[in-house]
Amino acid sequence: MTHRAVRGIRAPLCGYQPPVEGRIMKIRNSLKSAKVRDKDCRVVRRRGKVYVINKKNPRMKARQG
């Protein structure tokens with residue numbers, strides 16, 4: 001039994017947050033293909049990370065990681 005498993009119940013990992021509906025974002029090594037998926041996609045840099053955002057279709061989100 002690991003230190004995280006107690007009586008068959010797994011404790012969440014430190015810092016883990018389950019994905020919330022509407023906040024799912026693809027993590028990609030390269031954003032070249034993500035930025036050409038739609039004509040409204042924009043590449044922005046926030047807090048040292050590169051994102052592809054789309055205000056008209058929020059499902060087209062991606063982060064370089």
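Me: What kind of model is it, and how are things counted?
Reply: It's a predicted model, where local features need pLDDT of at least 70 and side-chain atom pairs count only at pLDDT 80 or more, while totals for chains, interfaces and linings use all residues. Residues are numbered from 1 along each chain as its sequence is written, and side-chain values use heavy atoms, with hydrogens and water left out.

Me: What's the average pLDDT of the chain?
Reply: The chain averages 77, and 65% of the residues score at least 70. pLDDT is the predictor's confidence in each residue, from 0 to 100.

Me: And where is confidence lowest and highest?
Reply: Lowest in strand β1 (residues 5-6), with a mean of 52, and highest in β4, at 93.

Me: In what sense do β4 and β5 pair?
Reply: Antiparallel, over five bridges. Two strands pair if DSSP finds at least two bridges between them. R46 has K49 in β5 as its bridge partner.

Me: What about β5 and β6?
Reply: Strand β5 (residues 49-53) and strand β6 (residues 62-64) also pair in the antiparallel sense, over two bridges. There, V52 has A62 in β6 as its bridge partner.

Me: Back to the hairpin of β4 and β5: which residue takes a positive phi?
Reply: R47, with phi near 50°, in a hairpin that has two residues between the strands. Most residues other than glycine have a negative phi. R47 sits in the loop between β4 and β5.

Me: Is R47 buried or exposed?
Reply: R47 is exposed, at a relative accessible area of 73%. The cut-offs are under 20% relative accessible area for buried, over 50% for exposed, and partly exposed in between (1.4 Å probe, protein chains only).

Me: And what does K49 touch?
Reply: V44 and R63, not counting residues up to four places away in sequence. Contact means heavy atoms within 4.5 Å. K49 and R63 are 14 residues apart along the chain, with their C-alpha atoms separated by 7.3 Å. K49 belongs to strand β5 and is partly exposed, with a relative accessible area of 36%.

Me: Switching topic: which residues make up the largest nonpolar core?
Reply: Six residues: L31, A34, C41, V52, M60 and A62. A nonpolar core is a set of buried Ala, Val, Leu, Ile, Met, Phe, Trp, Tyr and Cys residues joined through side-chain atoms within 4.5 Å.

Me: Where does C41 lie, and what is it in contact with?
Reply: C41 lies in the loop between α1 and β4, and is buried, with a relative accessible area of 10%. Leaving aside neighbours within four places in sequence, its contacts are A34, K35, V52, I53, N54 and M60. C41 and V52 are 11 residues apart in sequence and 6.3 Å apart in space, C-alpha to C-alpha.

Me: And L31, what is that in contact with?
Reply: With the neighbours within four places in sequence left aside, L31 is in contact with V50, Y51, V52, A62, R63 and Q64.

Me: What about V36, buried or exposed?
Reply: V36 is exposed, with a relative accessible area of 64%. V36 is placed in the loop between α1 (32-35) and β4 (42-46).

Me: Last one: how much of the chain counts as buried?
Reply: 17% of the 65 residues.

Technical notes
Helices (H or I, at least four residues) and strands (E, at least two) are DSSP runs, numbered from the N terminus.
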